[in-house]
Amino acid sequence: MEVKNKIILALDVLSMDQARELLDEISDYLDTIKIGYPLVLAEGLEAVTQVKEEYQCKIITDFKVADIPATNQKIANVTFQAGADALIVHGFVGPDSVASCVESAEKQGKEVFLLTEMSHPGASQFLQPVSMDIAHMGVEMGIQNYVGPSTRLDRLEKIRSIIGKDSFLISPGVGTQGGDPKDTLKFADALIIGRSIYLAPDPVESLESIIDSIEF
Ligand code: O7M
């Protein structure tokens with residue numbers, strides 16, 4: 001996946017009005033937007049369809065899908081039918097659950113991102129002990145796209161070494177959670193950024209300063 005300016009906006013606002021107000025200002029800088037539970041639970045899955053159509057962007061849906069294979073497949077089918085280009089899936093549920101999403105994606109010409117380790121402090125308790133195994137599982141399954149934390153660069157580096165240089169790795173945790181954009185891009189292909197942009201007094205200025213900071 002190509003990501004303009006290496007920045008994926010985490011559109012975690014709670015209404016389409018807020019989403020449009022933000023995107024009217026900053027959409028020229030972006031071509032990939034992540035939509036997850038906050039906006040979809042507030043406005044319905046149509047939010048995915050609407051943002052994609054109105055702003056002509058790729059949509060990565062972040063439902064951190066983590067159910068049995070049959071349910072995962074229904075979630076994936078409905079999400080892709082709404083226009084999502086990619087779906088983020090948890091890896092800890094095991095290969096059969098992940099495979100059901102991959103199967104749905106392949107049938108519809110869409111993509112799956114496998115979530116390995118998360119960026120928040122609590123991820124160290126249960127997820128961190130298995131996160132590299134999750135990355136290995138992804139490689140064995142032939143998965144191309146991964147999510148890993150910008151808040152622990154030693155771990156992100158390990159994930160990159162497992163998935164290889166040709167896989168596509170996106171990384172949340174920059175800014176508000178403490179990760180550094182430029183350092184993260186030593187290992188990741190693109191950053192997922194939410195609050196540092198949508199809560200900034202001037203989202204355009206914030207986005208421009210992040211883009212300036214990552215230009216090599
Ligand atoms: O920049 P923020 O902290 O406001 O937002 C980060 C976004 O990335 C937000 O949508 C989180 O739900 C998401 N995220 C993490 O912050 N940490 C993770 O480990 C994983 C994700 C994510 O996108 O998972 C796919």
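Reply: Buried means under 20% relative accessible area, exposed over 50%, and partly exposed in between, with a 1.4 Å probe and protein chains only. Heads-up: this is a predicted model, where local features need pLDDT of at least 70 and side-chain atom pairs count only at pLDDT 80 or more, while totals for chains, interfaces and linings use all residues. Residues are numbered from 1 along each chain as its sequence is written, and side-chain values use heavy atoms, leaving out hydrogens and water.

Me: OK, so is Cys101 buried or exposed?

Reply: Cys101 counts as buried because its relative accessibility is 0%. Cys57 counts as buried too, at 5%.

Me: And how many disulfides does the structure hold?

Reply: It holds 0 disulfides, a disulfide being a pair of cysteine sulfur atoms within 2.5 Å.

Me: What does Val51 touch?

Reply: Skipping residues up to four places away in sequence, Val51 touches Leu11, Met16, Leu23, Ile33, Ile35, Gln56, Cys57 and Ile59. Contact here means heavy atoms within 4.5 Å.

Me: Which residues touch the most other members of the largest nonpolar core?

Reply: That core has 62 residues, and Ile7, Leu9, Leu11, Ile33, Ile35 and Val51 touch the most other members. A nonpolar core is a set of buried Ala, Val, Leu, Ile, Met, Phe, Trp, Tyr and Cys residues joined through side-chain atoms within 4.5 Å. Another core, of 13 residues, lies apart from it, and its members include Ala10, Val147, Ile170 and Ile192.

Me: Switching to the ligand: which residues come nearest?

Reply: Asp12, Lys34, Ser119, Gln177 and Arg195 come nearest, out of 14 residues around the ligand; "around" takes a heavy atom within 4 Å.

Me: How far is an oxygen atom of the ligand from an N or O atom in the side chain of Gln177?

Reply: That distance is 2.8 Å. For the side chain of Asp62, an N or O atom is 3.2 Å from a ligand oxygen, and a polar side-chain atom of Lys64 also lies 3.2 Å from an oxygen atom of the ligand.

Me: Last one: where is Gln73?

Reply: Gln73 sits in helix α4, residues 69–81; helices are DSSP runs of H or I, at least four residues, numbered from the N terminus. Gln73 counts as partly exposed because its relative accessible area is 22%. Beyond its neighbours within four places in sequence, Gln73 is in contact with Ser100, Glu103 and Ser104.

How values were computed:
Polar contact = N/O pair within 3.5 Å; in protein donor to acceptor, adjacent residues only side chain to side chain. Helix = DSSP H or I, 4+ residues; strand = E, 2+ residues; numbered from the N terminus.
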